[in-house]
Every structure is written in structure tokens, then in C-alpha cells.
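Hi,

Here is the structure I promised to pass on.

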Amino acid sequence: MTDLVTVALAGSTGSIGTQTLDVVASEPERYRVTALGAGGGHLDLLVEQAKATGAEVVAVADEGRASELAAALPAVEVRAGTEGLASLGAEADVCVNGVVGFAGLHVTLATLAAGRRLALANKESLIAGGPVVQQVRSTPGAELVPVDSEHCAVHMCLRSADPDGPDRVGRVVLTASGGPFRGRSRDELADVTVDDALAHPTWSMGPKITVDSSTLMNKGLEVIEAHELFGVPYDRIEVVVHPQSIVHSMVEFTDGATIAQLSQPDMRLPIAYALAFPDRSTVPVGAIDWTSLSRLDFEPPDLEAFPCLGLAYEAGRAGGGAPAWLNAANEVAVAAFLEGRIRWIDIPDVLQQVLSRHDGGVPQSADDVVEVDRAGREAARTEISGRT
């Protein structure tokens, strides 16, 4: 019988949060939710979750809704603001960070600084805040387990190596679905529409991440995350297009052997892995019917047609604040495309121009990261306004 694991969940009303509660509910003898937190946009759901789980602490990032939350949960300790949300990191054995945006960076820093396990699903923490996060990862007791499917797959594969032996990792290989435009040339992409970009062949996601999938920027940002997570040099991180989305990532070792993680796409699997680590869940999720799986295809990405992937490598190798700068510019460029102000094919051109203007600075604090993000967004807006 395993010890009861206490869970704090930041971003509980979002997709990662609700699926985490599904995982917890599937093994009630194993997990107990002690703290919940969300932005405040779905307060009714947060209240419902708190009552259902019996959480002792509930945080809301929107300070203006704290009194409303307290009135709905009179027997619960209510915290407010970015710091209130971040404080959840010290409230349990493991903190799941499913917060969207920069409020999630504070949750990451607080959890690691408290020496707790962090189940990370917040992209700003490593893409934008990597230099700052690395400062607290060495805190005694702190451990970071990624919830993103590709990075969780790499984490699983690396467990097959001897942790006490020398580095024997040859390559980390991240898989990409290829998005809706796989196989098209750059010329064929000149006139694609927003509807075209949002028609993803295998995943159902929000507009921004779906566009990122179509440009391969999502995979480029995952390359940066992989470098920050595992310390693997960029020249040993590769991307391969795998349209079936069954192989979630692979690790090739120096003897030529490759270990891969395969499953049907289901985010509950990496969530359960992070909660149970170093053990495993007893509830199967994403199991494959090997009698019906007929083929697995792989091909190299077309960097001419999809230059955003190469730009992410460029920003990652530059280091410092460059990944945060690129990420911020990309969010502005994608929004401009969705609003019809630039073409899909203009997105990488905007990013190339903006990335060339980064000053090479290295953020030393969370506030520095936020400032780099602000400046990167402003640079992108200036570049786009000059084109329209």
C-alpha cells in the first residue's frame, strides 16, 4: 500500500486541471487534493471543485473575486493574487501547474523553492523563464516532472539509462504531427486561410496552439523546453514528423539503441505519470490495440516551408532572454494572423525581424522575464504595423 499523496492543483478549471481531477478520482485511495487555484474566470467551477475535493486552501489570481470566493467557501482558507496562487506550491507533496501565462512562472518558482515535486504544464516556466527556473531546481527535495506529452515521453525514456553512470544519451527525438499543411511547399502556403490553419488533422486545440502547430512553432518551443528540462545540447535534439501521434518522443543512446514511448494520445497519461512518480499509476490510459495499429510513419520536417522551427533553435542557442522574446513575438504575430492583419506566411518573417533585434540580455528574476515578454510584444507590434 502506497502512502497517500497530497496534491495541489494550480489552474484547476482549465483542461489540465480538470483532467488532473479525473486522474485523482480514478485512484481515490492514493491521492488527496489539499489545495486548488485558478485565475477567476470560472469561479463557479472552482467553488464546485473545492466542495467536491474537500480542499483546505483555495486561491484565485483575480483579487477582485476573492471576497466572492470566500463567501461561497466559508470553511476554506482563501488566498488571492499571483502570490496567493504561487503559494499553493508549498501546500502538498506534488503541485500540478496547469496555469496559462506568466502567473504560472511564480507557481513553478515557489514549488521548486519549497523542495516539492512540480508536475509542469505551464510553457512560460521553461520557454520564457528557463534561466530563472534553473536557479531553484537544485533546491533539496525539488523535482520537476513534465506533463507535456512529448517531454513526459522523453522523461520516461531517460529512466532506462543508468542515473549513476556517465552520459550515454546520443539524441533526443521529439515527434510532431506535422499539422494541417504537412507536405506542402512554401509556395503552396502563400494563400492559406485562418480556417485552413485551424483544421488540424489529429488534435482538437485552441486557435493559438493550433496555428503554432501549423507553423511548427509549437515544436520549436518544445525543443527549447527539452533543452531546459534535460540539459541536452541543441545539436542533439531533433524533430521528426510523425502524423499518427502514437510515438510521443524517443531517446537514442550512444550504442545506437532507441527507446520510444508509445500510447494513444491522452493527456491523462502524463498527468498520472507525474502524480505517481517514481511509481506508476495502476489505471491504464491510452493503451494501444496492437492488432489494429497498421503503420507508423516518420519524415524530416521541411525547414524551408516551416522556418519557425529553425527560428526556435536560433533563439534557444542564443539563450538568455531570446526564447522569451521569440515566444512573446510569436503570440502577437499569431493573434495578428487570426485577426486577418497578416498572412500565415508572414508569421516567420515577422519573427525573424523581431528576433534580430533582441539585445542578448539574460533575465535574473521573474520580473525581468515579464519585462522581456513586454518588450518582445512591443517589437512585434511595431514590425506588424509597418507591414499593414
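To begin with the record: at which residues does UniProt place the feature "domain: 1-deoxy-D-xylulose 5-phosphate reductoisomerase N-terminal"? The unreviewed entry puts it at residues 8-130. UniProt positions follow the numbering used here, feature names are shortened, and annotations may be inferred rather than shown by experiment.

Before going further, bear in mind that this is a predicted model, where local features need pLDDT of at least 70, side-chain atom pairs count only at pLDDT 80 or more, and totals for chains, interfaces and linings use all residues. Residues are numbered from 1 along each chain as its sequence is written, and side-chain values use heavy atoms, with hydrogens and water left out.

Over residues 8-130 the chain is 42% helix and 22% strand, where helices (H or I, at least four residues) and strands (E, at least two) are DSSP runs numbered from the N terminus. The end C-alpha atoms of that stretch are 22 Å apart.

D148 sits in the loop between β7 (143-146) and α8 (149-158).

Now for two helix pairs. The axes of α11 (residues 217-230) and α13 (residues 308-318) come within 7 Å and cross at roughly 20 degrees; axes are lines fitted to C-alpha atoms, for helices over the stretch in contact, and angles run from 0 to 180 degrees between N-to-C directions. That makes α11 roughly parallel to α13 (angles under 35 degrees count as such). Contact here means heavy atoms within 4.5 Å, and it is made by M217, K219, G220, L221, V223 and I224 of α11 with C308, L309, A312, Y313 and G316 of α13.

For α1 (residues 15-26) and α12 (residues 268-276), the axes come within 9 Å and cross at roughly 65 degrees. I16, Q19, T20, D22, V23 and V24 in α1 meet R268, I271, A272 and L275 in α12.

Last, Q364, which lies in the loop between α15 (346-355) and α16 (366-385). Q364 and P131 are 233 residues apart in sequence and 7.1 Å apart in space, C-alpha to C-alpha. Leaving aside neighbours within four places in sequence, Q364 is in contact with V132 and Q135.

Cheers

Technical notes
Parallel < 35°, antiparallel > 145°, perpendicular 65-115°, else oblique.
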